[in-house]
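Colleague: I am new to reading protein models. Could you walk me through this one, feature by feature?

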Amino acid sequence: MSSNRDNTRAQFSTRIGVIATAVGSAIGLGNIWRFPYEAGSNGGGAFMLCYIFFICLLGIPLICAEFIIGRATRSNEIKAFEKLAPGRKWFLNGYIGVLASVLILSFYSVVAGWTLEFFLVAVTGHMPSNSAELHRFFSEFISGNWRPLIWTIVFLVVNYLVVCRGVQKGIERLSNCLMPAMTLLLIAFCVNSLFLPGASDGLRFLFSPDFSKIDSESLLSAMGQAFFSLSIGLGGMLTYASYFPDTVRLGSCATTTAVLDTFVAILAGVIIFPAVFTYGISPQSGPTLVFETLPAIFMNLPGGTIWATLFFFLLFLASITSTISMSEISIAYFEEERRLSRKKATALTIGIAILLGSVCALSFGPLSDMKIFGKTVFDLFDYVSSNICLPVGGIVTSIFVGWVIDRKVIDSQMGCRGQRGFGVRVLIVILRYIAPAAIMLIFLNSLGVL
Ligand code: PHE
């Protein structure tokens, strides 16, 4: 572990390790599970264009903003806001982040648990091979009393064990070897999907925008998806940046992360939608879409069991590099602000996630009638965290970096020597004016105020 200014916090050791870890946090179920189902439910092409627009306009600047706060303070989220604006209330934003991270960890682990079930079914050679059977198998599985619950808990316990081993060892090693393998596999599946009979319909759905399908809700969803996928708005990138060495260039790390993350989401779309149209699955199936589509693709390939096994294993690993970063947000808080040992902080975080995650896991079955604001607990956690907490966090973070903190902090973190470069000037304009206004407008619009 490399030495550190205050010698109390761990630090990532290499530049490539830093990028791999940020990318590892960003790439996960958000790209492969959530993006296709959100795009499917919100009109396909037009949603994708809005999503890419938000990644560029808000995503990259907000990753930079979180990186700046995190590395300048080398603290957990709450302390970070306090250090840069002592005696003021900005740190309250940290609490929203901690809350959102626990909510996301809870429902995310349910879906990660589904990948474990599919992995097991694939490895034991029991994966159904046609879409009707698959539909029956999956519906029975998620509506069951035990299996989804057990897998959620198993996933969270594995997450606990990885996180307990500390920032650097656990996370860096996993991320470094995983991401390239995952991307190669996705590219191979992509090529395969292009030869499916429904390929042209699928690609048309994903790439030809029909803006009549975009309303205020889908705009909010596209923004929420951009935030979710980039792990921003709740301090995920902020917390990671607090472990970055001074040598890392924040702007290029942010851009690389966003580009790779978006690339993987588009790959996932190109894999899924041709298959959706080939196998007659509704693009609007919601959270179950990908789990009903992908196995049908694999099982129609020669050596299907092997592909399915490999894919669900990698998806599980991609999920865990993301949940590690979510967990880190509240663990760093409990450890540094509440003075718990790392083990206890981790146990507490995972314990809460197990409790909440269990309710989410059962909300496709025994608890499916338990509705709050017309949504199941799973959907509610997903909606509240992505479409409310993350954008609110985004507004606060951009105003904080754009207006509140000393410009010298931005300059030194962004590596400005002497004159401020064009990129940094654009960043400041976006953080000061454009991001808060755009997020606010989309919010008010979805509330029907505008
Ligand atoms: N970005 C992750 C994904 O796409 C999810 C995530 C959200 C991770 C928030 C950390 C914080 O899967």
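**Reading helix packing**

Modeller: Let's start with a pair of helices: α7 and α15 are roughly antiparallel to each other, because their angle falls in that class (under 35 degrees is roughly parallel, over 145 roughly antiparallel, 65 to 115 roughly perpendicular, and the rest oblique). Helices here are DSSP runs of H or I with at least four residues, numbered from the N terminus. This is a predicted model, where local features need pLDDT of at least 70 and side-chain atom pairs count only at pLDDT 80 or more, while totals for chains, interfaces and linings use all residues. Residues are numbered from 1 along each chain as its sequence is written, and side-chain values use heavy atoms, leaving out hydrogens and water.

Colleague: At what angle do α7 and α15 pack?

Modeller: Axes are lines fitted to C-alpha atoms, for helices over the stretch in contact, and angles between N-to-C directions run from 0 to 180 degrees. For α7 (residues 147–164) and α15 (residues 342–361), the angle is about 165° and the axes are 9 Å apart.

Colleague: Which helix crosses α3, and at what angle?

Modeller: Helix α3 (residues 45–73) meets α18 (residues 422–446): their axes come within 10 Å and cross at roughly 120°. That makes α3 oblique to α18, and this crossing is left-handed. Contact means heavy atoms within 4.5 Å; among the residues involved are Phe54 and Leu57 of α3, with Leu427 and Ile430 of α18. The contact divides into 16 nonpolar, no polar and no charged residues (Ala, Val, Leu, Ile, Met, Phe, Trp, Tyr, Cys and Pro count as nonpolar, Asp, Glu, Lys and Arg as charged, and the others, Gly among them, as polar).

Colleague: How many salt bridges are there?

Modeller: A salt bridge is a side-chain nitrogen of Lys or Arg within 4 Å of a carboxyl oxygen of Asp or Glu. The count comes to 10. One of them joins arginine 34 and glutamate 38, at 3.5 Å from N to O. Both lie in helix α2 (residues 29–41), four residues apart, about one turn of the helix.

Colleague: What is the mean pLDDT of the chain?

Modeller: pLDDT is the predictor's confidence in each residue, from 0 to 100. The mean for the protein chain is 90, and 95% of its residues reach 70 or more. Over residues 1–7, however, the pLDDT is below 50. Where pLDDT is low, the predicted coordinates should not be read in detail.

Note on methods
Helices (H or I, at least four residues) and strands (E, at least two) are DSSP runs, numbered from the N terminus. A crossing is left-handed if the near helix is turned anticlockwise from the far one by less than a right angle, and right-handed if clockwise.
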